[in-house]
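Hi everyone, thanks for coming.

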Amino acid sequence: MSGEVSRRGPALQYGPRADADAVHHPFSPRQLARIDEAMTLSSRESGLTFSVYVGSLDEPHRAAAESLFEILSERTNDPVLVAVSPGQRVLHIVTGTESAARLPNRACALAALGMRASFSGGDLVGGIVTGLRMLADSAGAGR
Amino acid sequence: MSIVETVLVFVGIPALIIAVLALLVYGRSQFKGPNRYRPGKPWNFPPVWYLPHPAPGSAAETDRLALESTSGASAPRAAQQKAVGGASGEW
């Protein structure tokens, strides 16, 4: 399964790193800090593990996002995957057994709606941050 | 004025002003920082995938150190889960 990760290109990283491959990196250090803060705070508040993927998704998109989620679920507890593909203009939020109990599909759809509003205005980082906050608020405080 | 002076004054100076203005308008975004995303434009960056930083001292923190020392290639610890729910959207 680790081969699956490398075939897709991205390796799971703990928190964005501003210095890593700065030329080909889509986000500025300040944007990375915003994503990192939102992701870390949401995860600590809610007890779920929010993971952010930004990149292209193979067709069909939903199945690609779910296979990424399966890789993620091997490494972390209670994962929630937020997958955004700016080129294809799609976003997917994927929950697992434990996280779906805290985050019903309706809450995920609401977060996706908020993200879409920012994305369609061109605010990629703002949309990711908004989505993470909305998801964490819906999930409530962790155990 | 000679021809060279005339050309310098009436072509050279306006061209210089236009170049300075163009640099002021477009220069910053061209040379500094990543491009801003605009809907409909292609996304030519390699995919990135992030996990939150684990809380210091937690069990996940020790896992992180173990995972990073093996360059993230191995150490599966939780059972693989199937995706259950979620949402999707397009813009």
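Let's start where the two chains meet: in strand 1 of chain B, B:Trp49 is the bridge partner of A:Tyr53. Before I go on, this is a predicted model, where local features need pLDDT of at least 70, side-chain atom pairs count only at pLDDT 80 or more, and totals for chains, interfaces and linings use all residues. Residues are numbered from 1 along each chain as its sequence is written, and chains are lettered from A and ligands numbered from 1 in the order in which they are written.

Back to that bridge. Strand 2 of chain A, residues 49-54, pairs with strand 1 of chain B in the antiparallel sense, over 3 bridges. Two strands pair here if DSSP finds at least two bridges between them. Helices (H or I, at least four residues) and strands (E, at least two) are DSSP runs, numbered from the N terminus.

Which way do the residues of strand 1 of chain B point? B:Val48 and B:Tyr50 go one way, B:Trp49 and B:Leu51 go the other, and all are buried. Buried means 20 or more other C-beta atoms within 10 Å of a residue's own, exposed means 12 or fewer, and partly exposed is in between, with C-beta atoms placed from the backbone.

Now chain B as a whole. Chain B has 2 helices and 2 strands, and along the sequence they follow the pattern α-β-α-β. Of its 91 residues, 15% are buried. B:Arg36, in the loop between helix 1 and strand 1 of chain B, counts as exposed because it has 12 C-beta neighbours inside 10 Å.

How confident is the predictor? That's pLDDT, its confidence in each residue, from 0 to 100. Chain B averages 76, and 67% of the residues score at least 70. Over residues 70-76 of chain B, pLDDT stays under 50. For the complex, the predictor gives an ipTM of 0.74 and a pTM of 0.72.

Over to chain A, and a pair of helices. Helix 2 (residues 29-46) and helix 6 (residues 124-139) of chain A pack at an angle of about 5°, with their axes 9 Å apart. Axes are lines fitted to C-alpha atoms, for helices over the stretch in contact, and angles run from 0 to 180 degrees between N-to-C directions. So helix 2 and helix 6 of chain A are roughly parallel to each other; that label covers angles under 35 degrees, with over 145 roughly antiparallel, 65 to 115 roughly perpendicular and the rest oblique.

Most residues other than glycine have a negative phi, and most peptide bonds are trans. Where is the cis peptide bond? It joins A:Glu59 and A:Pro60, with omega about -15°, and A:Pro60 is in the loop between strand 2 and helix 3 of chain A.

Then there's A:Asp78, not a glycine but with a positive phi of about 45°. Is A:Asp78 buried or exposed? It's buried, because it has 25 C-beta neighbours inside 10 Å. A:Arg89 also isn't a glycine and has a positive phi, about 55°, but A:Arg89 is partly exposed, with 16 other C-beta atoms within 10 Å.

Definitions and conventions
pLDDT = per-residue confidence, 0-100. Contact = placed C-beta atoms within 7 Å.
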